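Here are a few exercises to work through with the model open beside you. Try each one before reading its solution.

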Amino acid sequence: MGLLSGLFSKRETPKPVTSSGVAKERLQLALVYDRVKISPEVLETIKEEIVEVISKHFDIDRQGMEITLGERNDRLEVNIPVRRSKVYNQNS
Amino acid sequence: MAGKVVTITSGKGGVGKTTTTANLGTALAVQGLKVAVVDADIGLRNLDVVLGLENRIVYDLVDVVEGRARLRQALIKDKRYPELCLLPAAQTRDKHAVNADQMAELCRQLAQDFDFVLIDSPAGIEQGFRNAIAGANQVLIVTNPEVSAVRDADRIIGLVEAAELGAPRLIVNRVKPTMIKQGNMMSVQDVLDILAIGLIGVVPEDELVTISTNRGEAVVFDNYSRAGLAFHNIARRLLGQNVPFLPLEEPAKLSWFARLFGLGESKR
């Protein structure tokens with residue numbers, strides 16, 4: 001679960017202390033893999049490759065990056081906080 | 001105009017599909033509609049005992065499909081509402097006795113004579129489930145606020161969407177408000193956050209369900225039952241009425257005549 005917690009560590013929600021909170025968090029994680037049927041390792045690889053491409057052009061906040069699934073298994077949502085655009089700075 | 005075929009399913013067993021089917025069917029009949037409830041759980045029939053009609057079965061669904069009985073012969077009229085009919089499952093056959101095309105045809109025939117055809121699906125994601133959704137115009141998914149039930153519901157939602165049956169709607173059953181307040185049960189909103197489908201009903205845990213079922217009666221006839229009221233409300237939402245969701249607080253005990261005249265309605 002190390003990779004997993006790394007992937008989702010920047011969620012805004014505080015760590016749940018109630019058992020219902022634990023249930024919800026466990027379910028959300030379990031369903032990510034039920035829905036796409038890919039392993040945490042593959043998601044981590046995807047994350048690294050995206051970071052590699054995006055960092056060529058942007059100064060990004062790697063800690064703040066997260067990959068989640070859309071409402072159903074129909075889209076992968078990647079959220080990457082950008083510090084500044086390298087391309088923009090070069091051109092201007 | 002043909003009636004509407006609504007399948008009630010869940011993935012996980014024991015979450016309340018049969019109770020939901022029986023009570024929605026009865027509540028719709030109370031509203032004056034012609035309703036057929038179909039037990040699609042071949043080999044493990046239960047809808048008949050929940051409705052208290054187990055002693056009247058002569059023919060079953062498989063007899064109809066295999067041509068030993070006509071549909072009209074197999075349909076059993078409810079004790080109180082003859083506009084409500086049950087098509088029982090076979091008890092001595094298994095889920096492979098019927099295929100999806102046969103079920104779809106059966107639904108089509110029933111929809112000619114009834115306003116609503118409610119299909120009580122078996123648990124699981126196999127042939128019995130496939131049969132149960134084969135003729136559906138709409139799918140209702142029953143779940144409980146528990147990890148196993150919600151996970152299975154998610155799986156079923158995926159399968160229903162893949163079958164292009166439109167967006168299924170959710171019934172969260174056996175909700176315990178006190179446990180939710182204590183943080184020991186996922187709230188309805190938690191379940192909705194996870195499953196991301198439209199809600200059609202919230203049914204509180206209610207001992208009166210067990211008591212009614214013991215007697216073979218629908219809980220919608222019990223004026224003191226919060227679950228019964230919730231099922232009435234789901235039936236009205238199925239009819240397209242805009243019915244607000246009940247607050248989950250413990251009920252103030254209302255006498256039957258107060259309910260009859262709508263007194264205290266806003267408190268519930």
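Thr18(B) sits in helix H1 of chain B, residues 17–30 (helices are DSSP runs of H or I, at least four residues, and strands are E runs of at least two, numbered from the N terminus). This is a predicted model, where local features need pLDDT of at least 70 and side-chain atom pairs count only at pLDDT 80 or more, while totals for chains, interfaces and linings use all residues. Residues are numbered from 1 along each chain as its sequence is written, chains are lettered from A and ligands numbered from 1 in the order written, and side-chain values use heavy atoms, with hydrogens and water left out.

**Exercise 1.** Work out whether Thr18(B) is buried or exposed, and what it touches.

*Solution.* Start with the cut-offs: buried is under 20% relative accessible area, exposed over 50%, partly exposed in between (1.4 Å probe, protein chains only). Thr18(B) has 18% relative accessibility, so it counts as buried. Next, leaving out residues up to four places away in sequence, it touches Asn46(B), Leu47(B), Val50(B) and Asp120(B) (contact: heavy atoms within 4.5 Å).

**Exercise 2.** Describe how chain B meets chain A.

*Solution.* First, the contacts: 16 residues of chain B touch 14 of chain A. Then look for salt bridges (a side-chain nitrogen of Lys or Arg within 4 Å of a carboxyl oxygen of Asp or Glu): the rule finds two across this interface. Lys24(A) and Asp193(B) pair up in a salt bridge at 2.7 Å, N to O. Finally, the helices: H7 (147–162) and H9 (188–195) of chain B each supply at least two residues to the side touching chain A, and H7(B) gives the most, with six.
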